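The sequence and structure are shown first.

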Amino acid sequence: MKRREFIKLSSTASALGLLPYEVGAALKLANTSLNCGDISNRKLVLIELKGGNDGLNTLIPYDQYGYYSQTLRPDIYIPVNNYNDQVVEASFTGTNQDLIFNPALMQGNINSGFKGLYQDGTLRVLQSVGYPAANKSHFASIDLWATGNDGNSWDNGKDSGWMGRFMEEAYANLFPSNFPVGIQLGSSNTWLGFHAEHEHGTALNIEGQNSENFYTVLNGLAGQAPQNIPQNSHYGSELQYIVDTDASANTYAEAIQNSFNASGATNLVNYPDTDLADQLKTVARLIRGGIQTKVYMVTIGGFDTHNNQNQGSNDINGKHTELLTELSSAVDAFVADINSDSVGDDVIGLTFSEFGRKAIQNGNYGTDHGEIAPMFVFGKPVQGGISGVNVNLNEATTNNNWQIKTVQHDYRQVFATIMQDFLGADDSIIDNAFFDNTNQQSFSDNKLSSIIKPSHFVDPSCYITLGIDQVKKESFFATYPNPVYDNLFINPLHDATSILGYRIIDTMGRVIKKGTLDLDQGYRSIDVLALKPGVYVLQLSDGERSEHKKIIKASV
């Protein structure tokens with residue numbers, strides 16, 4: 001196989017090129033109960049505000065405006081010139097706490113940008129999002145967010161990400177897949193959050209790739225993949241990861257390219273000429289092109305605004321204004337695009353940042369690292385409004401280095417709510433993704449209310465359990481590479497016997513090839529060169545156990 005060319009798969013290797021029982025398993029996400037709608041096509045779009053967004057200049061607590069503008073931020077405060085335009089809610093449960101949008105979130109028009117989405121009832125503000133014992137290091141905090149931990153421990157794991165763990169459980173029957181379950185854009189560094197605990201290649205980073213030829217493919221291993229990969233060793237694990245990633249990247253590349261170039265893959269609105277807009281434009285086009293990817297992540301950087309957050313005293317123009325303008329206008333266009341047809345019914349987007357900024361300005365017209373920041377959740381399925389109350393600026397004192405410390409919403413609460421109420425994951429899937437080890441509590445017991453509209457809310461009777469625990473317990477062999485061109489290698493796991501019988505079954509349920517492998521004699525591969533390109537199921541049996549794995553046969 002030429003590793004710098006896309007693998008060419010037959011039509012049977014499309015996203016629906018599965019055996020009938022596999023299709024049924026995958027579509028368990030589309031519960032057929034009369035009370036449950038089809039949720040199999042629902043998607044999540046994550047927008048990373050990289051660097052630590054200044055929440056206090058994004059959403060201004062008007063009930064404390066004097067202290068905010070005169071004491072804490074006399075040079076970089078956001079003026080309220082048009083109160084009626086900027087205010088987003090006149091009271092919170094009777095407390096009369098007006099909240100003011102930064103003008104950059106409106107682009108000069110109260111009916112556009114984030115303010116317009118809020119007015120339409122498709123944007124929800126989540127106040128004071130963070131986690132216990134905040135870490136104000138960029139690297140550590142990003143890793144905590146990615147792995148589903150807080151600042152008290154790494155008990156949820158530090159070698160895999162919560163999103164990867166969620167995807168391999170919730171969409172277990174899609175692995176191995178001929179499309180990436182997650183796609184990342186906007187950053188050359190692949191997000192740790194997508195790294196699963198057991199499955200390799202749950203997501204693909206396509207940053208820097210030409211949209212007409214998305215993935216230029218890994219360099220690959222020199223020559224043929226090794227026939228024997230050492231088990232129970234770090235070297236063997238790393239080598240297996242490289243083999244699996246190299247194989248899946250080729251197939252994912254074609255799925256992305258085909259979706260981007262599909263006849264229905266168009267954008268139905270004009271987007272701003274910005275980097276974030278280009279990323280979201282691509283996401284909308286891929287979704288409309290039919291790819292079955294479940295989670296997308298895009299990134300806008302530059303929020304580490306220690307200097308010139310505002311360009312001068314009482315002049316709000318500067319880095320932060322430019323970033324919020326780019327964010328708001330790009331999201332506004334994206335939502336208009338996906339809502340131009342039925343695509344928007346299945347998509348929720350949200351923003352997140354690794355931390356916020358201090359309440360007090362520094363001496364460089366900027367702000368330093370803080371702890372909490374707001375999140376914005378948007379889309380047609382979202383119940384618009386505000387969750388939480390205004391921050392209490394009196395919390396920030398010289399004694400705590402001017403930090404606003406009260407976390408009103410743990411970031412895992414937010415994701416757990418969306419995972420269950422919108423994507424339909426049951427408690428066990430959420431707990432596998434992350435658990436509140438500090439309070440010994442499941443986040444499924446501490447969800448947020450009023451995030452999802454009743455029309456899109458998944459009833460508890462419809463929750464889905466698609467975990468891979470049973471698969472993991474039964475698994476007694478590994479296969480590679482997958483997709484495969486000529487030789488499919490078999491590695492026994494644990495206490496597998498030395499003689500294995502195998503059958504290769506096509507999508508019609510026919511046995512295409514069968515035989516035995518004598519592992520003691522070194523027969524650890526199956527020649528599949530003569531198989532037509534497409535999707536097959538490999539069945540292996542050691543006399544007592546039988547296991548199936550989906551394999552993809554690629555052409556040259």
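Buried here means under 20% relative accessible area, exposed means over 50%, and partly exposed lies in between (1.4 Å probe, protein chains only). This is a predicted model in which local features need pLDDT of at least 70 and side-chain atom pairs count only at pLDDT 80 or more, while totals for chains, interfaces and linings use all residues. Residues are numbered from 1 along each chain as its sequence is written, and side-chain values use heavy atoms, with hydrogens and water left out.

**Aromatic pairs**

Rings of Phe, Tyr and Trp (its six-membered ring) pair if their centres lie within 6.5 Å; planes under 30 degrees apart count as stacked, over 60 as edge-to-face and the rest as tilted. The whole structure contains 16 aromatic pairs. In one of them, Tyr62 and Tyr65, the ring centres are 5.5 Å apart and the planes stand at 45°, so the pair is tilted. Tyr62 is partly exposed because its relative accessibility is 32%, whereas Tyr65, at 16%, counts as buried. Tyr65 also pairs with Tyr77: their centres are 6.3 Å apart and their planes at 85°, so this pair is edge-to-face. Tyr65 belongs to helix 3 (residues 65-72) and Tyr77 to the loop between helix 3 and helix 4 (83-86), so the contact ties together parts that are 12 residues apart in sequence. Tyr77 has a relative accessible area of 21% and is therefore partly exposed. Helices (H or I, at least four residues) and strands (E, at least two) are DSSP runs, numbered from the N terminus.

Elsewhere, one aromatic cluster is formed by Tyr131, Trp145, Trp191, Phe194, Phe352 and Tyr411. A ring also takes part in a contact with a charge: the charged end of Arg285 sits over the ring of Phe260, 3.7 Å from its centre. For such a contact, NZ of Lys or CZ of Arg must be within 6 Å of the ring centre and within 35 degrees of the ring normal.

**Salt bridges**

Side chains of opposite charge can pair when their charged atoms come close. A salt bridge is counted when a side-chain nitrogen of Lys or Arg is within 4 Å of a carboxyl oxygen of Asp or Glu. There are 10 salt bridges in the structure, including those in the table.

| Salt bridge | N to O distance |
|---|---|
| Lys136 and Glu371 | 3.2 Å |
| Asp304 and Arg357 | 3.1 Å |
| Glu371 and Lys405 | 2.7 Å |

Lys136 and Glu371 form a salt bridge that links distant parts of the chain, 235 residues apart: Lys136 is in the loop between strand 5 (123-130) and helix 6 (138-147), and Glu371 in the loop between strand 9 (347-352) and strand 10 (373-378). Lys136 is partly exposed at 30% relative accessibility, while Glu371 is buried at 10%.

Glu371 also meets Lys405 in a salt bridge. Lys405 lies in the loop between strand 11 (385-387) and strand 12 (409-410), so its pairing with Glu371 ties together parts that are 34 residues apart in sequence. Lys405 is partly exposed, at 41%. Through shared partners, salt bridges join Lys136, Glu371 and Lys405 into one network.

Of the pair formed by Asp304 and Arg357, Asp304 is partly exposed at 31% and Arg357 is buried at 5%.

**Helix 7**

Helix 7 (residues 162-170) is mostly covered, with nine of its nine residues buried. Among them are Trp162, Phe166 and Glu169.
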